[in-house]
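Thank you all for making time this morning. I would like to walk through one structure with you, going slowly enough that the conventions behind each value stay in view.

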Amino acid sequence: MNGECSRNPQQDAEAEVEMIGEVLSAMVYYERHAADKFRKQAKSLRCLDHADRIALGPALSEHLKAALKCAAENQKLFDHIINCGRVIFDDNSNYISAMNGLKEGKVPTEHYLSKARSTLKQITRDWSEEGREERESCYNRVIEAMRTLYPNKAERPHVNTLKHQFTIYPYVLDFSNCWTYSDALRPVKIPDVDPSTQLDNESRQNSFSMCAGDFTSAFDAHDSIFDNVVTVFFLDTAANPFKYIQNIKKILKPGGRWINFGPLTYHFEDSEDDSIELPFDILLQQIERYSFEIEIVEENRDLPSYYTRNKRSMLGYQYNCGFFQARLKTEEDSGRNAEATEENQDLEWQC
């Protein structure tokens, strides 16, 4: 299965440098990548019949000029992200090596350029008014479950965040399924809310952190550290779902909850990597096999959710997502189950 083969530390470091370099180069080259796509459009215009070129020329030419300016604004955000990375990873030798690779003129692959484009749409989904409806369709059910588990509002920190600090154009490189050119060029301001205004209380210390890396190995050194694990649009990123189940069991405290919401559009289904794709019901059975008690299951077949949808596009994908809440059993639960089994056996003997 993907991710099971181990490498030595040197190979791991080289792989990380390569991956970081691909990501950084895609962000650095975004504007040039956009310009290449616009030039291709302009070249296609020149290949049209004379009458068609004259009829379409002004509208397309003006659109491409405006689109190039929009791409430049998107590049500002990527540059800001890269600069933040320099601060965050200033002591990471692999990051420094990847940055040196950029200076040598590393050209990104189309795969990573597509990731840069999708990053703008993911930011739109999570940090703009444009994405509010989509967020609510996915996150509200998870938040509701957490509030039910923890009815008393915890104290929250005061966070000072700028609203609408950036303007991005997430759809500027979408040439298909457009109703109008202006739809493709519409701006999105991020973030749409000041997180500190959304907190229940302002006095809790901020304990938010981020861990980069492969989920199946990022917490190798930790056991039983989380009270809850929440996964949204996540399980189908696994080539081997059992690895995710095992890891979530490993990092949850006994009695902790796993709350999940999302589809099962398995990412590795059509790849050359070994992968296994489980339907929702079988997935739940296997989760139970790993000492989880399924407390809540919902099949949202009539409540569609979306992911990075362009609301003004002719094309959109919707998902009917599965929701579940599972509790990791404790040793006491196992003891009670053993006692119940013994009692049942005694009853059988009596009969």
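I will begin with conventions, then turn to helix packing, the surface, salt bridges and some details of the backbone.

Please keep in mind that this is a predicted model, in which local features need pLDDT of at least 70 and side-chain atom pairs count only at pLDDT 80 or more, whereas totals for chains, interfaces and linings use all residues. Residues are numbered from 1 along each chain as its sequence is written, and side-chain values use heavy atoms, with hydrogens and water left out.

Let me start with the helices, which, like the strands, are DSSP runs numbered from the N terminus, a helix being H or I over at least four residues and a strand being E over at least two. Two packed helices are described by the angle between their axes and the distance between the axes. Here helix α2, residues 30-46, packs with helix α3, residues 50-88, at an angle of about 175°, and their axes are 9 Å apart. Those axes are lines fitted to C-alpha atoms, for helices over the stretch in contact, and the angles run from 0 to 180 degrees between N-to-C directions. The pair α2 and α3 is therefore roughly antiparallel, on a scale where angles under 35 degrees count as roughly parallel, over 145 as roughly antiparallel, 65 to 115 as roughly perpendicular and the rest as oblique. Sorted by class, the contact of α2 with α3 has 14 nonpolar, five polar and three charged residues, where Ala, Val, Leu, Ile, Met, Phe, Trp, Tyr, Cys and Pro count as nonpolar, Asp, Glu, Lys and Arg as charged, and the others, Gly among them, as polar.

Together with L56 and Y181, L48 forms a nonpolar patch with about 230 Å² of accessible area in total. A patch is made of residues with over 30% relative accessible area and no salt bridge, like charges being joined within 9 Å and nonpolar side chains (Val, Leu, Ile, Met, Phe, Trp, Tyr) within 5 Å. The areas come from the Shrake-Rupley method with a 1.4 Å probe, and for residues only the protein chains shown count as cover.

Now to the charged pairs. Side chains of opposite charge can pair when their charged atoms come close. How many salt bridges does the structure hold? There are 20 salt bridges, each being a side-chain nitrogen of Lys or Arg within 4 Å of a carboxyl oxygen of Asp or Glu. One of them joins K65 and E62 at 3.8 Å, N to O, and because these two are three residues apart in helix α3, they are separated by about one helical turn. K65 counts as exposed, at 53% relative accessibility.

Other pairs reach across the chain. K253 forms a salt bridge with D227, with the closest N and O atoms 3.3 Å apart; K253 is in strand β4, residues 252-262, and D227 in strand β3, residues 226-232, so that this pair links distant parts of the chain, 26 residues apart. Both partners are partly exposed, K253 with a relative accessible area of 32% and D227 at 43% relative accessibility. R257 pairs with E295, with a closest N and O separation of 3.0 Å, and this pair links strand β4 to strand β5, residues 292-299, across 38 residues. Salt bridges that share partners also join E129, R132, R135 and D192 into one network.

Finally, the backbone. I190 and P191 are joined by a cis peptide bond, with omega about -15°, and P191 lies in the loop between β2 (188-190) and α8 (215-218). Phi is positive in S291, near 70°, although this residue is not a glycine, and S291 is found in the loop between α10 (280-289) and β5. T308, likewise not a glycine, has a positive phi of about 50°, and its place is the loop between β6 (305-306) and β7 (318-319).

Note on methods
Buried < 20%, exposed > 50% of the residue type's maximum accessible area, 1.4 Å probe, protein only.
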